Amino acid sequence: MKVEIYDLLGRELTINPTKRPFRFNGEVEGFARTNWLEKRAKWNDAIVPAGKSIVYTRDGGVTISADVSNYSQHLGAIESIREGKDFAPKRGVNGLGVTCYVVSSDDKIILKRRPRNNPHAPSFYDSIGGGWMTSANIVGLNKLCTDMTLGMAEALYEPLWQAESEYEEESHLKPVSFELDNKPSFICRGLNDGLNLGISYIGKATVKADDIIDAIQGYDRKGEVIEHERAFVAVDISNLAKLLETQAELQKIPREELRDYVVNPDGTDAPMVDEYFGGFWAAYKKLTGRPLPQSLSLDSLAKQGIEIDLFPRDGENLKDVEYSFFVNE
């Protein structure tokens, strides 16, 4: 497992739209277009921002430059990576998403199992309130999503608004029942399964974990897009280290065997999407109030086959230091 984490260092994050289209290479685009027509002709596409680079500015901010792109292209690029195509991007994809790491009022984190037929990281567990920054959050999931004028909409580039929208949609909690930090804490990209960039917020809910799960399951309706298999675990925050410590072995489970994998009631053996492993690792101290144990140090994880690539690099003075998100590097 390899994960990239961009620590935002408590700085203000700004996303600057270039108002230009992002393009994958021609083979990726053709593969994505064919896959979409063959497998998802009835789905609605959507506009998403594609991060070009991140800059730690000399005035103490962080800025992302973002082009305009389509969800269908990023999904096709992800599938080309999973299928091992020679023309596939080498560093995941650069579509911008948001990820929420929220603790319930009874100090638990909720993980949900992704559908077995999901085109992106099927059967793995992730958390509630994660998704692409997309036009669907602005106009709803319908044909209007593909209107390129939405690529100019300010809301498309506002990660806090997008994160709140994602968490409200997935948890079915009212906005007064949860709160996210005003500033994102980090950006995480898993390079094995997650593959896109998650701008990550830490938060707290005023509702117990079981009540949140009941709200999600009670809302599911026939014909709606279901982002889980009605399989949830509520992991006590005191067990977060144990959950993270199990991942090196869990990631070795053959992907086809994950379809029938059964998780223990305490959830500490739930195979996680790599982005969420990296995110909970990065958020560990803030979520638990304790420093990371030695078992989760960079050196210890590396010995287990988990590589965490941290940005900014040690020793850099962070005066307009730029890192490229470009996916073919």
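Just after α8, Gly289 takes a positive phi of about 80°. The model is predicted, so that local features need pLDDT of at least 70 and side-chain atom pairs count only at pLDDT 80 or more, while totals for chains, interfaces and linings use all residues. Residues are numbered from 1 along each chain as its sequence is written, and side-chain values use heavy atoms, with hydrogens and water left out.

Helix α8 covers residues 274-288, and its 15 residues reach 20 Å from the first C-alpha to the last, close to the 21 Å expected at 1.5 Å a residue (the expected span being 1.5 Å times one less than the number of residues). Helices here are DSSP runs of H or I with at least four residues, and strands are runs of E with at least two, numbered from the N terminus. At Ala282 the helix α8 bends by about 45°, where the bend is the angle between axes fitted to the seven residues ending there and the seven starting there. Twelve of the 15 residues of α8 are buried (under 20% relative accessible area, with a 1.4 Å probe and protein chains only), including Trp281, Tyr284 and Leu287.

Four strands form an open sheet with mixed pairing, in the order β2-β4-β3-β14, and its edge strands are β2 (12-21) and β14 (321-324), each of which pairs on one side only. Two strands pair if DSSP finds at least two bridges between them. Another open sheet, of three strands with antiparallel pairing, has the order β7-β6-β12; β7 (125-127) and β12 (232-236) each have a single partner strand, so one side of each is left without a neighbour in the sheet.

| Strands | Sense and bridges | Facing residues |
|---|---|---|
| β6 (residues 108-113) and β7 | antiparallel, three bridges | Arg113 with bridge partner Tyr125 in β7 |

## Helices α1 and α2

Helix α2 (residues 71-82) lies across β3 (47-56) and β4, running at about 95° to β4; axes are lines fitted to C-alpha atoms, for helices over the stretch in contact, and angles run from 0 to 180 degrees between N-to-C directions. The axes of helix α1 (residues 26-39) and α2 come within 8 Å and cross at roughly 100°, which makes α1 roughly perpendicular to α2 (65 to 115 degrees).

How values were computed: Buried < 20%, exposed > 50% of the residue type's maximum accessible area, 1.4 Å probe, protein only. Contact = heavy atoms within 4.5 Å. Parallel < 35°, antiparallel > 145°, perpendicular 65-115°, else oblique.
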